[in-house]
Amino acid sequence: MRDFARLPLLSYRMSLAAVLTQIVLIDIVFSFDSIITAVGMAQHVEVMIAAVIVSVALMMVFAGGISRFVSSHPTVKMLALAFLFVIGVLLIADGFDHHVPKGYVYFAMAFSVAVEMLNIRVRRRQATAPVQLHDKYILSNIKSGFILADQQAVHERILYEKYLKQLNENAAPSQQQLFPQTLRLNAPDFEIAKEIIADIRMLGFDVQEFGNTDLVIHGTPSDLVNKDASKILEEIIEGYKQNMQSPKLDKREELAFQMARQASIKNGTRLSEREMNNLLDELFGCENPSYTASGRPTFITYHLRDIEKLFEKTD
């Protein structure tokens with residue numbers, strides 16, 4: 001019966017020997033390349049020797065990191081091969097007594113490297129850019145996996161904290177309307193509106209009482225410039241009335257919540273990459289980024305280890 005116990009050890013030794021052989025061969029190739037390059041591009045023996053020693057030393061120190069970098073960026077490998085090709089052409093040209101100014105070559109190499117670094121930066125940014133799903137959710141990479149955020153809930157949380165700060169600290173500016181709007185309410189709703197009208201003005205509404213049951217809207221918050229101000233104000237009053245029957249928030253928190261619900265980005269809205277990045281940045285700058293004021297989660301975190309378990313083989 002064959003002894004299979006030694007196979008892993010034998011495989012390990014073979015793989016180790018193969019790796020050592022590759023390192024030696026690469027070292028020899030690049031050492032000769034350094035010597036040939038030094039001979040072709042230097043005039044003094046001392047400079048040639050120094051170039052070879054320095055190149056071999058640098059290669060020994062940085063070989064691992066450079067190898068990983070080049071492996072993860074194939075275009076860099078092509079660029080390096082192109083540089084070797086250019087150096088080879090220069091050596092051949094020098095052999096025929098046709099000298100090309102080295103400044104042009106160095107400038108071309110430096111420019112190519114700069115362009116490649118910019119490309120790498122752009123590709124890295126694209127790889128980590130957030131993605132919008134069904135015009136409703138935002139998927140964003142994190143180190144441990146990814147998060148899936150509800151864009152409306154995210155914006156609602158951001159606006160809630162913004163409006164609550166306005167109510168507690170300073171009034172928001174109002175955008176004046178060219179044609180004032182009149183909101184007609186029933187008597188109970190008008191009494192509620194009179195109770196909260198000072199706070200409504202703090203949110204950026206320029207509102208005046210008119211008659212027994214009417215409100216005249218002269219200006220709106222900048223967040224609501226292109227929206228129906230009278231309808232939004234009516235819904236804020238209605239939502240405030242409904243939720244105050246079984247209050248979970250105090251008066252100003254409830255108003256900030258109702259205002260955020262009306263002004264937030266709605267599901268079905270297409271967002272650009274910049275808009276998604278701005279939303280996520282502002283969310284994680286909030287005091288409580290995980291939930292809306294009503295307790296709804298703004299995002300869910302999915303860890304790689306949990307995702308990997310879903311793809312494990314089952315008996």
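The legends below describe close-up views of a predicted model. Local features need pLDDT of at least 70 and side-chain atom pairs count only at pLDDT 80 or more, while totals for chains, interfaces and linings use all residues. Residues are numbered from 1 along each chain as its sequence is written, and side-chain values use heavy atoms, with hydrogens and water left out.

**View 1. An open sheet of 4 strands has antiparallel pairing.** The strand order is β1-β2-β3-β7, where strands (E, at least two residues) and helices (H or I, at least four) are DSSP runs numbered from the N terminus, and two strands pair if DSSP finds at least two bridges between them. At the edges stand β1 (131-133) and β7 (299-303), each of which pairs on one side only. Neighbouring strands of this sheet are turned by 25 degrees against each other on average, direction ignored; axes are lines fitted to C-alpha atoms, for helices over the stretch in contact, and angles run from 0 to 180 degrees between N-to-C directions. Strand β2 (residues 137-142) and strand β3 (residues 145-150) run antiparallel and are joined by 6 bridges, with Ile-138 standing opposite Ala-149 in β3.

**View 2. The loop between β1 and β2 holds His-134 and Asp-135.** Most residues other than glycine have a negative phi. His-134, although not a glycine, has a positive phi of about 55 degrees, and Asp-135, also not a glycine, has a positive phi of about 55 degrees. His-134 is exposed, because its relative accessible area is 76% (exposed means over 50%, buried under 20%, and partly exposed in between, with a 1.4 Å probe and protein chains only).

**View 3. Ser-264 is buried in the loop between α8 (251-263) and α9.** With a relative accessible area of 1%, Ser-264 counts as buried. Not counting residues up to four places away in sequence, Ser-264 touches Gln-152, His-155, Glu-156, Leu-159 and Lys-227.

**View 4. Val-61 lies in helix α2 (residues 45-72).** At 61% relative accessibility, Val-61 counts as exposed.

Methods
Contact = heavy atoms within 4.5 Å.
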